[in-house]
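Q: I would like to learn how to read the features of a structure. Could we take them one at a time?

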Amino acid sequence: MGVRFKGWGTALPDRIVTNDELSKTLDTTNEWIIERTGIKERRIGGSALTLGTLAGQRALEDAGYGLDDIDFLVLATTTPDRITPATAPMIANAMGLHCPAMDLNAACSGFMYAVRTAYGLLETGQKRILVIGAEHLSRWVDWNDRTMAVLLADGAGATVLEYDPDGTDLLSFSLGADGSAADLLTCEHDGFFQMDGKEVFRRAVRVVVSSAEAAMAEAGVTADQIALVIPHQANLRIIQAATQRLGIDMERAVIVLDRYGNTSSASIPLAFFDARENGRVKAGEYALMTGFGAGMTWASAIVQWS
Ligand code: UT7
């Protein structure tokens with residue numbers, strides 16, 4: 001079955017919070033944050049609804065589609081505006097869409113899980129799906145906890161996926177989940193994000209490598225053919241370790257975490273958009289999109305841009 005990425009859009013809050021600003025209220029330094037994570041600044045503000053709506057509108061505009069062209073909206077978010085209703089119907093309403101709309105929570109793998117879900121919906125006869133990843137992580141950050149406060153941020157990204165009987169951008173997927181690791185990264189109702197960072201780091205590298213290898217094998221693509229890696233943006237060192245083990249030159253990885261921090265479900269579309277803006281997305285070339293996060297969940301896909 002053929003599926004094409006037809007348009008992309010992003011949304012970021014205006015407010016920039018630098019490492020130096022955080023170090024005024026937290027026992028941390030700009031040097032520590034850059035050395036251990038690669039993050040220099042992040043954007044804070046908005047909500048899954050406001051950021052997701054803007055990114056969705058921009059993706060639709062980029063694809064050149066009208067409101068009636070979209071059959072389904074899938075929103076990946078870890079931080080919906082409310083427990084219920086889901087945020088997706090509110091985004092659909094704000095955009096003026098008249099289609100089914102639902103939230104999906106697979107933490108930082110959310111965008112790739114949503115792409116996989118949209119692929120399945122297209123297989124069953126839908127024509128175009130709007131996939132959005134939108135996060136308001138800052139709302140559930142304890143701003144006195146230096147371990148999480150320096151990492152998490154807000155943002156959104158979106159794409160339109162379209163059924164195409166004549167060819168495909170999406171060649172393979174490899175997704176997984178391991179609930180035995182659920183306690184490693186959590187946010188309770190009315191609580192804050194908490195994480196065993198070291199263990200999440202170790203497991204993240206392992207699952208990115210194994211799922212990327214599985215997706216490459218299924219697509220019949222080797223590491224040296226991967227022109228672009230579009231990874232979840234949690235930590236520069238995770239991306240370095242994973243690309244090294246995969247035998248992919250780090251130069252091929254797209255990095256936006258230095259400017260945007262970890263935006264969970266929004267990080268992969270934000271990274272894609274940055275790559276496209278910088279002329280790094282080229283027709284015919286192969287890319288690896290790969291995410292991992294709380295759950296634990298992970299998801300890789302091999303793409304060949306049309
Ligand atoms: O998005 C999905 C999942 N999230 C991730 O993938 C994140 C994975 N984990 C990580 O990125 C890293 O583990 C962190 C960035 C969270 C932490 O880096 P680390 O190199 O693993 O540091 P650590 O936890 O081993 O801490 C080293 C030291 C500790 O001090 P002591 O015990 O050596 O005295 C920490 O207390 O650094 C201290 N520390 C900090 N120091 C300054 C922890 N956070 C900070 C901080 N500023 N913000």
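Q: In which helix is Arg-276 found?
A: Helices (H or I, at least four residues) and strands (E, at least two) are DSSP runs, numbered from the N terminus. Arg-276 is found in helix α10, residues 267–277. Before going on, note that this is a predicted model, in which local features need pLDDT of at least 70, side-chain atom pairs count only at pLDDT 80 or more, and totals for chains, interfaces and linings use all residues. Residues are numbered from 1 along each chain as its sequence is written, and side-chain values use heavy atoms, with hydrogens and water left out.

Q: Is Arg-276 buried, partly exposed or exposed?
A: Buried means under 20% relative accessible area, exposed over 50%, and partly exposed in between (1.4 Å probe, protein chains only). Arg-276 has a relative accessible area of 28%, so it is partly exposed. Its C-alpha atom is separated by 9.5 Å from that of Trp-8, 268 residues apart along the chain.

Q: Which residues are closest to the ligand?
A: A residue is near a molecule if one of its heavy atoms lies within 4 Å of it. Here 23 residues surround the ligand, and the closest are Thr-28, Arg-36, Lys-198, Asn-235 and Asn-262. The shell divides into 11 nonpolar, 7 polar and 5 charged residues; Ala, Val, Leu, Ile, Met, Phe, Trp, Tyr, Cys and Pro count as nonpolar, Asp, Glu, Lys and Arg as charged, and the others, Gly among them, as polar.

Q: Which helix gives the most to the shell around the ligand?
A: That is α7, with 4 residues. The elements that each supply at least two residues of the shell are α2 (30–37), α6 (146–149), α7 (197–219) and α8 (236–246).

Q: Why does the ligand lie between domain 1 and domain 2?
A: Domain bounds come from an automatic or database domain assignment. Domain 1 (2–164) and domain 2 (170–304) both give residues to the shell, so the ligand lies between them.

Q: What lies 2.8 Å from an oxygen atom of the ligand?
A: A polar contact is a pair of N or O atoms within 3.5 Å; within protein, one must be able to donate a hydrogen and the other to accept it, and residues adjacent in sequence count only if both atoms are side-chain atoms. At 2.8 Å from a ligand oxygen is a polar side-chain atom of Arg-36. A polar side-chain atom of Arg-237 lies 2.9 Å from an oxygen atom of the ligand, and a polar backbone atom of Gly-197 is 3.0 Å from a ligand nitrogen.

Q: What does the side chain of Thr-37 reach at 2.5 Å?
A: It reaches the backbone oxygen of Ile-33. The side chain of Thr-37 also reaches the backbone nitrogen of Ile-39, at 2.9 Å. Thr-37 is in helix α2 and is buried, with a relative accessible area of 3%.

Q: How many disulfides does a search of the whole structure find?
A: A disulfide is a pair of cysteine sulfur atoms within 2.5 Å. The search finds 0. The sulfur of Cys-108 is 12 Å from the closest cysteine sulfur, in Cys-187, which is too far for a bond. Cys-108 is buried at 11% relative accessible area, while Cys-187 is partly exposed at 30%.

Q: Which residues does a cis peptide bond join?
A: Most residues other than glycine have a negative phi, and most peptide bonds are trans. A cis bond joins Thr-84 and Pro-85, with omega about 0°. Another joins Gly-295 and Met-296, with omega about -15°.
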